[in-house]
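Here is a friendly walk through one protein model, for someone meeting it for the first time. Have a look at the sequence and the fold, then read on.

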Amino acid sequence: MKMKEKAKTGIRAYVNQVRARLFRPVRREAGIALLIVTVTLAVIGATVGEFAYNSQVDLEAAANSRDMLRAEYLARSSIQLGQLLVAVQNSLNKQMQSLPPEIRNLLVITDYAGFLAKAFGSDKEAREGLGGLIGLDLSGAKGLGTPPGTSFDLNIASEEGKYFLNCGGAVNLNPDARTNLYTLVNALVRPLRYDRMFNVPDPDGVVVTREDLPRAIIDWGDVDLQRYEPQGGSTGAEERYDRGRDRYEAHNHNLDTAEELTLVRGVSEDFFAAFGDLFTVYGQDCRVLASAVSADSWPLVAGMIAASAADPNVVYDPNTVVVAQQVAGILKTGLPLLTQLAKTVKIEKCVVDKSQCQAPGSSALAPPPPPPPPVPGAKKSPPPPSGDSVDLLSNLICSPYISQLPSLSQGLSATTGADAPPPPTTLLRPIKMCPGKLGKFLRDNPQTGNPRRYYRIDATGLVQRNEKKSTQVRVRGVWDSQHNNSFPLCTNHPSCTRGGTWVYYRMD
C-alpha cells in the first residue's frame, strides 16, 4: 500500500511539474520599447508636419495679402497718374485754342500715358528718355521709380474714338441715328470672314442671321416693343428672351455698359471679341471723333467706309480693308494736314449715281430745302464752307490720289511716334463714296472747345515675387472730365468740384 501511495504521489508531482511547465507565463518584452518609440515618433512627426504645413499656408496667405495690397496701391497710383494727365490735357486744350489744328492734334499727352507710366515707374531707360525730352537729368530724382520687383502700367483711350451705341436707344426722335447704327453694324458683319458667327444655333437654339443682328441691337435699346425695320414700319414684336433656362426681358432703354451687348440675341463671344472695343455707351455725339480713333480700330473705319460707299459690294472687297487700315493710320493727326494738302493738290469731288446713295426704304434722295427769302436791310451772311476735312477724306478715298495714302500714313507715324499701319502689298484702288455720307459716322476735331470728354483709363499694378509667382491688380475706369460728383453728401470735399468724376470704376 505504501508503494502504491508513493507511486501516486510521484505521478501527481510529475503531472504538476509538467502542468507548471506548460502553463508557465512566457515573458517577451524585448519588442515593446521599439513599438512605443515608433508610435511616439509617428505621432510627433504628424503633429510637426501639420504645424509646418499650417505655418506655410499662413505664410503664403500673408505674402499673398501683402502682394495684393501692394499691387492694388500700385494700380491706384497709376490711375491717379492717369487723372493727372487728363487734367493736364484739358488745361492744354484750353491754352492751345489759338494754335492751328494740325499742331493741337500732335500735343495729346494722354496718348503717351504708357511711356510716362514707365518713366514714373521702374523703367530707367524711359526715365532717362523723359529727362532728355524736357532737358533735365532725372537719373537721381527722388520719388520716381517703384521698389524692386514691382511695376505699374497705364493706358488712356478716348471714348469719343468709338461708336456711341445709345444713338439708337431710349426715346430717340431722330430716325437717322438709328438708321446709321443699323447701317454701320450691318456693314461691320458683312465680310465673309465673319461667317462663323451666323447661321448657327445659339445656346437657346435660335439661328441669327446678319440681317437680324442690327435689328436686335436696336430693339434692345429702344423703348417700344415693336421690331425695328430700316424701311420704316414694323413686321411684328421684337425679339424675346424667354426660350432658355435663364429668362429675361430686353432692356428697352440706353445700355449701361458695352458688355451689356452680350445679352442681345446674336451677340456671341466671337462677335464681342471682334467688335466689342469699337463701341461705347459714353458720349453725346453719334459720330466718331477722327482724332481719337486708334490705328487698331480699322474694322470700325472699314465699316464706315463700306456704309458710305455707293456700291454695297465693296464690303466684300479686300481693297476696302487695306484702305481702312491706311485711313485709320492718319485719322489721329492727318485730317488737318489733309486740309493743307488740298490747297496745293486739287482733289476732285466724288461723282456717283445718286440712285445708289438712297437711304434704306427711300425711293429717291430728298431734295435740299430751298433757301429762305432774303430779308430787306439784313447783312449778307458769309457763304457756308465748301466742306470739312471729312468730306476731303471721302473725296480722297474716291480719287486716284488714294494710292498716295500709304506714304502719308507712314510719314505721320514717323513724325508722331505712333504705330504705323502695315504697308499694303497691292495698289490701293479708289472707292466710290456717297457725298456727305461719311460725315454721318465721322467728325473732325472742332475749332473751339474740348472735343474729348470721356477717357477710359486702364491701370495695372504688378508685384513679381519670383519667376513663377506674381500678383496683378487691374483697375478700369471711365472718367467724365466735364461732370462733377452729384452725390448729395459730397459737398465739402475738394474732389467733389475738381472738374470730373468717375462714371465707371472696376477693380479686378
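Is cysteine 357 buried or exposed, going by its relative accessibility? With a relative accessibility of 12%, cysteine 357 counts as buried. The cut-off for buried is under 20% relative accessible area. Keep in mind that this is a predicted model.

**The disulfides**

A disulfide is a covalent bond between the sulfur atoms of two cysteines. The structure holds three disulfides, and here they are side by side.

| Pair | S to S distance | Torsion about the S-S bond | Hand |
|---|---|---|---|
| Cysteine 167 and cysteine 286 | 2.0 Å | -115 degrees | left-handed |
| Cysteine 350 and cysteine 398 | 2.0 Å | 60 degrees | right-handed |
| Cysteine 357 and cysteine 434 | 2.1 Å | about -90 degrees | left-handed |

Take the bond between cysteine 357 and cysteine 434. This pair links distant parts of the chain, 77 residues apart: cysteine 357 sits in the loop between H11 and H12, while cysteine 434 sits in the loop between helix H13 (405-416) and strand E5 (442-443). Cysteine 434 is buried too, with a relative accessible area of 3%.

Next comes the disulfide that joins cysteine 350 to cysteine 398. These two are 48 residues apart and again link distant parts of the chain, with cysteine 350 in the loop between helix H11 (334-344) and helix H12 (389-398), and cysteine 398 in helix H12 itself. Both cysteine 350 and cysteine 398 are buried.

How many of the ten residues of H12 are buried? Nine of them are, so to speak, under cover: H12 is mostly covered. Among the buried ones are Val390, Leu392, Leu393 and Ile397, along with Cys398.

That leaves cysteine 167 and cysteine 286, which also form a disulfide. Cysteine 167 lies in the loop between strand E2 (163-164) and helix H6 (175-188), and cysteine 286 lies in the loop between strand E3 (279-280) and strand E4 (288-289), so the bond ties together parts that are 119 residues apart in sequence. Cysteine 167 counts as buried, at 1% relative accessibility. Cysteine 286, on the other hand, is partly exposed, with a relative accessible area of 24%.

**The sheet and a helix across it**

Now for the strands. Strands of a sheet pair through backbone hydrogen bonds, either parallel or antiparallel. In what order do the four strands of the open sheet run? The order is E1-E6-E7-E8, and the pairing is antiparallel. The edge strands are E1 (150-158) and E8 (501-507), each of which pairs on one side only. From one strand to the next, the twist averages 15 degrees.

Zoom in on E1 and strand E6 (residues 454-464), and you'll find an antiparallel pairing over nine bridges. One spot to look for is threonine 150, which stands opposite valine 463 in E6.

A helix goes with this sheet. Helix H2 (residues 32-95) lies across E1, E6, strand E7 (470-480) and E8, and runs at about 150 degrees to E6. On the aromatic side, arginine 76 has its charged end over the ring of tyrosine 73, 5.7 Å from the ring centre.

**Aromatic rings**

A pair of aromatic rings is described by the distance of the centres and the angle of the planes. The structure holds nine aromatic pairs. In one of them, the ring centres of tyrosine 282 and tyrosine 454 are 6.0 Å apart and the planes meet at 35 degrees, so the pair is tilted. This pair also links distant parts of the chain, 172 residues apart: tyrosine 282 is in the loop between E3 and E4, and tyrosine 454 is in strand E6. Both tyrosine 282 and tyrosine 454 are buried.

Tryptophan 502 and tyrosine 505 make an edge-to-face pair, 5.3 Å centre to centre with 70 degrees between the planes. Tryptophan 502 counts as partly exposed at 22% relative accessibility, and tyrosine 505 counts as partly exposed at 37%.

Finally, look for Tyr194, Phe271 and Phe275, which form one aromatic cluster.

Methods. Residues numbered from 1 in each chain as written. Predicted model: local features only at pLDDT ≥ 70, side-chain atom pairs only at ≥ 80, totals over all residues. Heavy atoms only, no water. Pairing = 2+ DSSP bridges. Axes fitted to C-alpha atoms, helices over the stretch in contact; angles between N-to-C directions. Contact = heavy atoms within 4.5 Å. Disulfide = S-S within 2.5 Å. Buried < 20%, exposed > 50% of the residue type's maximum accessible area, 1.4 Å probe, protein only. Phe/Tyr/Trp six-rings, centres within 6.5 Å; stacked < 30°, edge-to-face > 60°. Lys NZ or Arg CZ within 6 Å of the ring centre and 35° of its normal.
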